[in-house]
Amino acid sequence: MVRGYLALMIAAGVALFSTHALALDMPEGPAILVVSGKIEQTNVGDEAHFDKLMLEALAQHETVSHTPWYDGEVRFSGPLGRAILDAVGATGRSLRVVALNDYAASIPISDFEDYEVILAMQANGKSLRIRDHGPLFVIYPFDTHPELLNEEILVRSVWQVNRIEVE
């Protein structure tokens, strides 16, 4: 009986510690990205707000690829989509990715799990400004996975991203 109680207390302590260890910090600068919906980690009400430094602190990735939006090969860099989903504890099956102009696309979470999809913050070493498809641009690895270069995926390549709703 004592062993069972002890095991229960240890499990509760680990769960409590894990929750605090995964808690999101408050953004110090302006929020670039707001994630809402089926998420477990929040920092502003029931949403997760990310400023530039918070996004840069996540697992980063670089994708060198040709796209229909740029001439020639471009070196995109930014956080992996799955790193953002992990940071917020996403529990849904799909995402509604929304741009500054309210354009939205539905993206299955499996895209972020199966491919190195990034939310690009830079192209060729320069920060993406709004006029350059920024601040965040959903970039698929088109050159390493040419099968992704199709209309269905191109529609999911949202630029000027400012919100993700986990559904």
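**Group meeting: pocket and core**

Okay, let's start with the largest pocket, where helix H2 (52-57) and strand S4 (73-79) each supply at least two residues of the lining. Keep in mind that this is a predicted model. How much space lies in the largest pocket? About 160 Å³. If you want to click through the lining, pick Ile 32, Lys 52, Glu 56, Gln 60, Ser 77, Gly 78, Met 121, Gln 122, Ser 127, Leu 128 and Pro 135. Sorted by class, that's four nonpolar, five polar and two charged residues.

In general, nonpolar side chains in soluble globular proteins tend to be buried together. Here, the largest nonpolar core has 44 residues. The ones with the most contacts inside that core are Leu 33, Val 35, Phe 50, Leu 95, Leu 119, Val 138 and Val 161. And which helix gives this core its largest share? That's H3, residues 81-88, with five residues.

Six of its eight residues are buried, so the helix is largely enclosed by the rest of the structure. The buried ones are Gly 81, Ala 83, Ile 84, Leu 85, Ala 87 and Val 88.

Last stop, Val 161. What does Val 161 touch, if we skip residues up to four places away in sequence? You get Ile 32, Leu 33, Val 97, Val 98, Ala 99, Leu 119, Pro 135, Leu 136 and Val 138.

How values were computed: Residues numbered from 1 in each chain as written. Predicted model: local features only at pLDDT ≥ 70, side-chain atom pairs only at ≥ 80, totals over all residues. Heavy atoms only, no water. Core = buried A, V, L, I, M, F, W, Y, C linked by side-chain atoms within 4.5 Å. Buried < 20%, exposed > 50% of the residue type's maximum accessible area, 1.4 Å probe, protein only. Helix = DSSP H or I, 4+ residues; strand = E, 2+ residues; numbered from the N terminus. Contact = heavy atoms within 4.5 Å. 1 Å grid on protein atoms, 1.4 Å probe; cavity = no way out; pocket = protein on both sides within 12 Å on 5 of 7 lines; lining within 4 Å. Points joined across faces, edges and corners; volume = space filled by probe spheres on them. Nonpolar A, V, L, I, M, F, W, Y, C, P; charged D, E, K, R; others polar.
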